[in-house]
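This report is meant for someone meeting the structure for the first time. It turns to the ligand and its surroundings, and then to the division of the chain.

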Amino acid sequence: MENVVIVGAGISGLTAAIYAARANLKPLVIAGKEEGGQLMLTTDVENYPGFPEGVLGPVLVTKCKEQAKRFGTRFMDGNVEAFSVKAEGGENTYELSVEGEKIEARTVIIATGASARMLGLESEMKYFNRGVHTCATCDGPLYGGKDVIVVGGGDSACQESLFLAGIARSVTIIHRRDEFKASKIMQERVLDNNRIKVVWNTAVEEILGENRKVTGMRIKNTNDGSTTEIKAHAVFLAIGHTPNTAAFKGVLKLDENGYLVADQRMRTSLPGVFAAGDAQDKVYRQAITAAGTGCMAALEAERYLQRAESIDL
Ligand code: NDP
């Protein structure tokens with residue numbers, strides 16, 4: 001029986017592992033197939049405290065993994081395919097299936113992250129991180145004084161556009177409908193900002209580039225089918241995220257978008273099961289907030305185990 005199983009090896013899961021390992025709980029991290037999470041897909045991380053020169057996302061994750069290992073964290077490859085309550089009562093226990101293997105745990109920290117939704121174009125992958133980005137807070141500052149495009153019409157698209165409007169020379173929002181999905185207040189802020197232009201009823205046909213850099217976009221008017229090319233130095237996709245929580249559906253409480261529901265102490269709907277990072281966060285989605293909630297989840301798991309121990313005695 002494991003004390004703490006941490007599902008996910010992004011910065012949130014690894015931070016949880018560092019704390020749980022230093023508490024001598026000998027955590028087991030189930031690292032998934034694409035270990036390292038979203039930071040593995042980024043280049044320079046310039047907003048993580050402690051790195052005045054910036055740090056490469058994969059370097060930051062690798063260092064966190066070394067730190068977790070140093071205190072005795074064990075790692076296992078593979079994805080959690082099923083999750084269930086094994087025993088209920090004074091102290092629940094949980095069972096996780098990982099590629100046919102069954103693991104039993106007294107506490108579980110779910111830090112499976114979320115994946116940014118993509119348009120499904122070959123060109124967006126070709127220029128990914130070379131002008132195509134999915135996080136304005138992370139990569140927006142690279143485009144000071146430049147022209148940028150934001151795709152989407154929800155709160156994220158509005159929030160990212162407002163952030164970019166403080167940095168870029170111009171921001172053009174491309175939205176497929178004639179009205180925003182975003183909350184009224186966000187819509188008003190965007191429409192009142194004279195650096196932001198909205199192009200309605202428009203789909204992205206292709207992201208254009210030259211010499212490994214984005215140069216613009218070919219867009220299509222959804223009413224009359226006409227196409228136009230617009231120039232830009234970068235494209236920020238803000239068409240939503242998909243939390244990686246499918247394995248927990250039906251067992252843990254998820255919100256209408258599939259995010260794990262957790263309280264301020266990272267507790268999910270089941271005792272001893274905690275959530276951390278982007279799998280439970282649709283607002284901040286930052287490396288530092290993911291690390292922070294990973295720390296909180298591990299401290300809560302430790303407290304939960306201590307209490308369970310005293311009940312046993
Ligand atoms: P949403 O799912 O709310 O919005 C996604 C937007 O992208 C929609 O406008 C949608 O168009 C568009 N879109 C989706 N797929 C495509 C596609 N293939 N091509 C073109 N456009 C597409 O995602 P968000 O990330 O904006 O928000 C997720 C949740 O997080 C929401 O509940 C939101 O309120 C919340 N949030 C809150 C914030 C805050 O409180 N400050 C900040 C950010 C998010 P369409 O409108 O046609 O469906």
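## The shell around the ligand

Domain 1 (2-115 + 241-308) and domain 2 (118-237) each contribute at least three residues to the shell around the ligand, the domain bounds being taken from an automatic or database domain assignment. This is a predicted model, in which local features need pLDDT of at least 70 and side-chain atom pairs count only at pLDDT 80 or more, while totals for chains, interfaces and linings use all residues. Residues are numbered from 1 along each chain as its sequence is written, and side-chain values use heavy atoms, with hydrogens and water left out.

The ligand is surrounded by 18 residues, of which Gly153, Asp155, Ser156, Arg176 and Arg177 are the closest; a residue belongs here if one of its heavy atoms lies within 4 Å of the ligand. By class, the shell holds 3 nonpolar, 8 polar and 7 charged residues, with Asp, Glu, Lys and Arg counted as charged and Gly among the polar ones.

## Polar contacts and burial

Polar contacts are pairs of N or O atoms within 3.5 Å. An oxygen atom of the ligand lies 3.0 Å from a backbone N or O atom of glycine 153, and an N or O atom in the side chain of arginine 177 is 2.8 Å from an oxygen atom of the ligand. The side chain of glutamine 159 has an N or O atom 3.3 Å from a nitrogen atom of the ligand.

Of the 910 Å² that the ligand exposes when taken alone, the protein buries 77%, as computed by the Shrake-Rupley method with a 1.4 Å probe.

## The two domains

The C-alpha centres of domain 1 and domain 2 are 32 Å apart. Contact, meaning heavy atoms within 4.5 Å, joins 8 residues of domain 1 with 8 residues of domain 2.

Key. Polar contact = N/O pair within 3.5 Å; in protein donor to acceptor, adjacent residues only side chain to side chain.
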